[in-house]
Amino acid sequence: MPTVTFLEADTRTVVQAPAGISLMEAATRNGIAGVVAACGGGCSCATCMVHLDADWFARVGAPDDNEQMMIEFGVDPRETSRLSCQIVLTEEMDGLVVEVPDNQV
Ligand code: FES
């Protein structure tokens with residue numbers, strides 16, 4: 001079961017989440033308040049944004065055009081941002097670390 005670390009402003013939360021669920025689901029199931037996920041995973045709100053470092057971004061993959069468009073509506077979009085609802089966890093993502101923006105509403 002992959003282990004994922006969520007970095008918030010002053011909190012580091014390490015969770016275990018089953019492969020096959022989205023990173024957004026892993027966040028909301030574990031009380032990561034910064035992942036708001038207002039649209040429930042429909043790739044239409046951008047309040048589930050996370051930032052990856054360059055290595056993890058390369059491993060997880062770039063967003064498709066629709067996701068990229070939504071990212072640009074989000075708070076503090078970066079080159080290595082993803083919408084967590086669009087990342088399906090795999091065993092290969094064990095050790096993933098993501099940064100959660102301070103405020104996504
Ligand atoms: Fe709305 Fe991810 S939950 S875009």
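These notes go through the predicted model point by point, from the whole chain down to single residues.

1. Ground rules. This is a predicted model: local features need pLDDT of at least 70, side-chain atom pairs count only at pLDDT 80 or more, and totals for chains, interfaces and linings use all residues. Residue numbers start from 1 along each chain, following the sequence as written.

2. Elements. The chain has 3 helices and 5 strands. Both are DSSP runs, numbered from the N terminus: helices are H or I with at least four residues, strands are E with at least two. From the N terminus on, the order is β-β-α-β-α-α-β-β.

3. Overall size. The radius of gyration, taken over C-alpha atoms, is 12 Å for the chain.

4. The 5 strands form an open sheet in the order β2-β1-β5-β3-β4, with mixed pairing. Two strands pair if DSSP finds at least two bridges between them. β2 (11–16) and β4 (81–83) stand at the edges with a single partner strand each, so one side of each has no neighbour in the sheet. On average, neighbouring strands are turned by 35° against each other, direction ignored. Such angles compare axes, which are lines fitted to C-alpha atoms; they run from 0 to 180 degrees between N-to-C directions.

5. Pairing at β5. β1 and β5 are parallel, over 4 bridges. Here valine 4 has leucine 96 of β5 as its bridge partner. β3 (residues 49–52) and β5 (residues 96–99) run antiparallel, joined by 2 bridges. Histidine 51 is the bridge partner of glutamate 99, and leucine 52 that of valine 98.

6. Buried residues (20 or more other C-beta atoms within 10 Å of their own, C-beta atoms placed from the backbone) make up 34% of the chain. A nonpolar core is a set of buried Ala, Val, Leu, Ile, Met, Phe, Trp, Tyr and Cys residues joined through C-beta atoms within 7 Å. The largest has 26 residues; Leu23, Met24, Ala27, Val35 and Cys48 touch the most other members. β1 (3–8), α1 (23–29), β3 and β5 each supply at least two residues. α1 gives the most, with 4.

7. Contacts. Two residues are in contact if their C-beta atoms, placed from the backbone, lie within 7 Å. Leaving aside neighbours within four places in sequence, methionine 24 contacts Val35, Ala37, Gly41, Cys48, Ser84 and Cys85.

Key:
A residue is buried if 20 or more other C-beta atoms lie within 10 Å of its own, exposed if 12 or fewer, and partly exposed in between; C-beta atoms are placed from the backbone. The radius of gyration is taken over C-alpha atoms; the globule rule is 2.2 Å times the number of residues to the power 0.38.
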